[in-house]
Amino acid sequence: MAALPEEPAEVAAVKPDPEAGTPPQPPAAPPAASTAPAAPPAAAEGEAAGSGGEAAPPPPKPAAPGPAASPAALDRQTLVAVLQFLRRSNLRESEEILRREARLLGDDLGAAALSPAGAGLLVAAGGDADAAGGGEALLGRVTAAAAIAVGGSVATVASSSPGVAAVAAVPPGKVGGGVVVEDQPDVSAVLSAYNQQGDPTLYEEYYSGLKHFIECSLDCHRAELSQLFYPLFVHMYLELVYNQHESEAKSFFERFHGDQECYYQDDLRVLSSLTKKEHMKGNETMLDFRTSKFVLRISRDSYQLLKRHLQEKQNNQIWNIVQEHLYIDIFDGMPRSKQQIDAMVGSLAGEAKREANKAKVFFGLLKEPEFDVPLDDEDEEGENEEGKPKKKKPKKDSVGSKSKKQDPNAPPQNRIPLPELKDSDKLDKIMNMKEAARRVRLGPDCLPSICFYTFLNAYQGLTAVDITDDSSMIVGGFADSTVRVWSVTPKKLRSVKTAADLSLIDKESDDVLERIMDEKTASELKILYGHSGPVYGTSFSPDRNYLLSCSEDGTVRLWSLQTFTCLVGYKGHNYPVWDTQFSPYGYYFVSGGHDRVARLWATDHYQPLRIFAGHLADVTCTRFHPNSNYIATGSADRTVRLWDVLNGNCVRIFTGHKGPIHSLAFSPNGRFLATGATDGRVLLWDIGHGLMVGELKGHTDTIYALRFSRDGEILASGSMDNTVRLWDAVKAFEDLETDDFTTATGHINLPENSQDLLLGTYMTKSTPVVHLHFTRRNLLLAAGAYSSQ
């Protein structure tokens with residue numbers, strides 16, 4: 001079978017997400033991805049997005065120089081004009097940095113300032129430098145130009161029309177006509193933007209003034225503009241700390257941190273530890289916040305109201321932060337309500353841009369191969385030859401596949417190379433069809449029976465569980481670095497005989513597969529040793545011949561369930577690996593870990609085929625789409641991303657959870673995704689439209705397990721609150737609002753009471769639920785370790 005084209009981990013495999021700015025890269029990531037220069041300032045008008053939330057248009061071209069001036073002279077004049085403006089604006093530190101980097105002495109500056117060309121250029125760039133409008137508009141651009149100079153790329157300011165500044169990027173290491181600027185490390189480039197500062201004693205006044213304005217605005221605008229509080233608070237605090245105004249920073253934090261939303265408390269706790277400039281260098285949280293613009297989705301009316309207020313109050317400090325560090329996704333239409341906004345916000349970098357969820361996703365299922373199903377011995381009717389296909393159809397529909405008609409939303413059959421079916425796979429599919437014919441049809445009036453497997457004497461050491469598709473084996477990963485496999489049927493686990501014994505077996509006999517198994521090794525439990533740290537994830541292959549496990553030791557191991565030995569150790573992650581999962585078709589598997597990336601592997605490649613980079617924190621859980629063309633990842637940055645296996649692109653970003661994501665589940669038809677997190681909420685997503693379509697409230701603790709029934713009519717959720725809850729998935733997904741307006745603006749209307757969807761709550765005595773599994777006949781299996789506390 002042809003595998004996906006392998007991309008070296010150091011070059012093309014990394015697919016940074018443009019929506020997330022420059023994502024923090026793992027140590028193994030390519031230098032090219034992690035050394036991107038700082039983003040240029042926004043356009044002169046200050047809108048980070050154009051009409052309808054489109055990306056801002058490119059800045060106007062600088063005015064053409066007069067015929068008499070040489071390029072070198074004009075470049076020098078431009079530099080002098082910028083320095084003059086910095087001096088007049090009392091931005092001494094920025095002026096010194098730019099002058100030092102450009103190697104322009106103070107005497108040169110004074111002499112050049114007297115020349116008519118220099119003075120004329122200054123007026124052309126900003127109009128009347130003392131006028132409030134032109135001066136303010138230019139202030140952010142000039143100070144940003146000075147700040148970017150330290151990081152390795154310089155912006156030159158010229159005029160395209162009176163009073164409007166145009167920004168033209170100059171390649172790193174050069175200023176205008178050849179003045180060399182030394183490239184600085186990434187951290188310096190990131191931090192240098194905080195050189196632009198106002199009077200530190202006025203920060204509290206600026207913030208409280210904006211707070212008062214927003215709280216006194218109309219209700220329809222207040223909810224949208226309140227989104228500004230948190231990102232502005234963080235950036236103003238970091239600016240004070242970076243410029244060593246420690247007492248002012250402490251006072252600012254203590255006065256306003258209590259006003260932030262409760263779901264930002266963990267982030268604020270980390271922020272409160274950054275009290276000195278030295279703390280900021282190398283701090284992951286701070287770099288995350290700086291390298292990815294915080295995204296706010298605001299209606300055009302609310303944005304114009306904010307812009308008018310800041311211009312009237314001449315509040316340059318806040319206006320600069322809005323332009324430099326925020327991405328305002330503007331849409332036309334009615335402002336969103338407080339409830340609609342609260343449903344979507346909460347992630348580390350704000351909401352997802354609408355452009356991030358517009359790519360086409362093939363969420364349909366692949367066409368199943370056709371083969372004849374032999375008659376069962378129990379079938380006695382003479383018309384069974386004709387009746388069998390009728391039996392097959394409900395089964396095939398119930399798992400979402402169609403035998404004759406291709407799903408219009410399905411990807412091309414050969415979009416990614418998939419393994420060919422072996423004879424054993426075909427036999428297993430036939431068995432699956434027979435089981436499905438006897439499947440219990442679930443619904444509100446027919447709830448599943450639940451069988452709970454409790455791990456005793458685990459002493460809180462159980463860290464991962466998985467169950468085979470045919471429900472014959474269960475595996476547990478433990479904190480003592482062992483992987484333990486149990487048989488849950490009367491059939492015991494047996495290893496293959498030794499080579500000496502195998503040589504005595506007749507290879508041509510019909511029962512050769514039975515004869516090669518060693519009865520002496522038969523037992524209900526097999527313990528697998530190999531990891532050197534707690535095992536955080538386990539996954540059986542679809543054919544039940546292999547087992548994956550991932551660990552704190554940074555490796556993913558592939559085990560044979562024929563010999564119960566380790567076949568391969570995959571080394572790519574440099575930190576703990578939190579989760580791993582096999583593709584529904586086998587061969588491929590995915591892993592995610594503390595290094596903030598997910599990796600796609602093939603069992604016969606020792607290096608990853610794809611590296612999915614974009615999350616701003618640990619990748620805590622992973623899941624393959626039923627058609628194997630996409631992978632969902634949940635992260636501690638409180639977002640869920642959907643990645644395209646073919647090209648490594650991020651095609652969906654879902655925000656709305658208020659805590660790290662710990663569970664994912666695709667519906668059997670591939671159209672919907674359910675996610676669970678530490679906030680105790682289950683969120684439902686329409687993959688095709690990129691929208692949240694449901695919110696299930698009821699759990700009081702982290703949700704570690706989610707699973708749809710085989711026919712997709714019931715969603716089961718398991719939590720650390722010791723309960724299993726069953727939800728009506730059919731009702732949750734019916735009558736969805738997926739019209740163009742909803743898709744374009746995010747005006748989602750979730751039902752106020754999700755208790756209407758709750759079908760049942762089942763409590764354990766004292767066992768948190770860590771795994772759920774529906775058998776082929778829709779019996780629900782649950783698992784967890786008994787806790788005496």
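## Close-up views of a predicted model

Figure 1. V640 stands opposite F654, a residue of strand β25. The model shown here and in the following views is predicted. Strand β24, residues 639-644, is joined to β25 by 5 bridges, and the two strands run antiparallel.

**Figure 2. An open sheet of 4 strands.** The strands follow the order β22-β23-β24-β25 and pair in antiparallel fashion. At the edges are β22 (619-624) and β25 (650-655), each of which pairs on one side only. From one strand to the next, the twist averages 20°. In general, the strands of a sheet pair through backbone hydrogen bonds, in either a parallel or an antiparallel manner.

**Figure 3. The salt bridge between R336 and E351.** The closest N and O atoms of R336 and E351 are 2.5 Å apart, and the two residues form a salt bridge. This pair links distant parts of the chain: R336 belongs to the loop between β6 (326-331) and α17 (338-344), whereas E351 belongs to the loop between α17 and α18 (384-398), 15 residues apart. R336 has a relative accessible area of 1% and is therefore buried. E351 is likewise buried, because its relative accessible area is 3%, and the cut-off for a buried residue is under 20%. Across the structure there are 27 salt bridges.

Figure 4. A salt bridge joins the side chains of R544 and D428, at 3.2 Å from N to O. R544 is in the loop between β14 (535-540) and β15 (546-551), and D428 is in helix α19 (residues 423-437), so the pair ties together parts that are 116 residues apart in sequence. With a relative accessible area of 22%, R544 is partly exposed. Both residues also belong to a network of salt bridges that links D428, D469, D470, R544, R710 and R776.

**Figure 5. The salt bridge between E713 and R441.** The side chains of E713 and R441 meet in a salt bridge, at 3.5 Å from N to O. Distant parts of the chain are linked by this pair: E713 is in the loop between β30 (703-708) and β31 (714-719), and R441 is in the loop between α19 and β7 (450-455), 272 residues apart. In general, side chains of opposite charge can pair when their charged atoms come close.

Figure 6. The whole structure contains 25 aromatic pairs. In one of them, the ring centres of Y203 and Y206 are 6.4 Å apart and the planes stand at 45°, so this pair is tilted. Both residues lie in helix α8 (residues 203-216), 3 residues apart, which is about one turn of the helix. Y203 is buried, with a relative accessible area of 2%. The pair of F672 and F733 is stacked, with 3.8 Å from centre to centre and 5° between the planes. F672 is located in strand β27 (residues 672-677) and F733 in helix α22 (residues 729-733), so the pair ties together parts that are 61 residues apart in sequence. F672 and F733 are both buried. One aromatic cluster is formed by Y207, F229, F233, Y237, F252, F253 and F256.

**Figure 7. Charged side chains over aromatic rings.** K277 lies over the face of Y242, at 4.5 Å from the ring centre. In a second case, the charged end of R484 sits over the ring of F478, at 5.5 Å from its centre.

Figure 8. S471, a residue other than glycine, has a positive phi near 60°. This residue lies in the loop between β8 (462-467) and β9 (473-478), and S471 counts as buried at 13% relative accessibility. S628 is also a residue other than glycine, and its phi is positive and near 70°. S628 is in the loop between β22 and β23 (630-635). With a relative accessible area of 0%, S628 is buried.

**Figure 9. Cysteine residues C451 and C621.** The structure holds 0 disulfides. C451 is partly exposed, with a relative accessible area of 29%, whereas C621 is buried, with a relative accessible area of 4%.

Conventions
Residues numbered from 1 in each chain as written. Predicted model: local features only at pLDDT ≥ 70, side-chain atom pairs only at ≥ 80, totals over all residues. Heavy atoms only, no water. Salt bridge = Lys/Arg side-chain N within 4 Å of Asp/Glu carboxyl O. Buried < 20%, exposed > 50% of the residue type's maximum accessible area, 1.4 Å probe, protein only. Phe/Tyr/Trp six-rings, centres within 6.5 Å; stacked < 30°, edge-to-face > 60°. Lys NZ or Arg CZ within 6 Å of the ring centre and 35° of its normal. Pairing = 2+ DSSP bridges. Axes fitted to C-alpha atoms, helices over the stretch in contact; angles between N-to-C directions. Disulfide = S-S within 2.5 Å.
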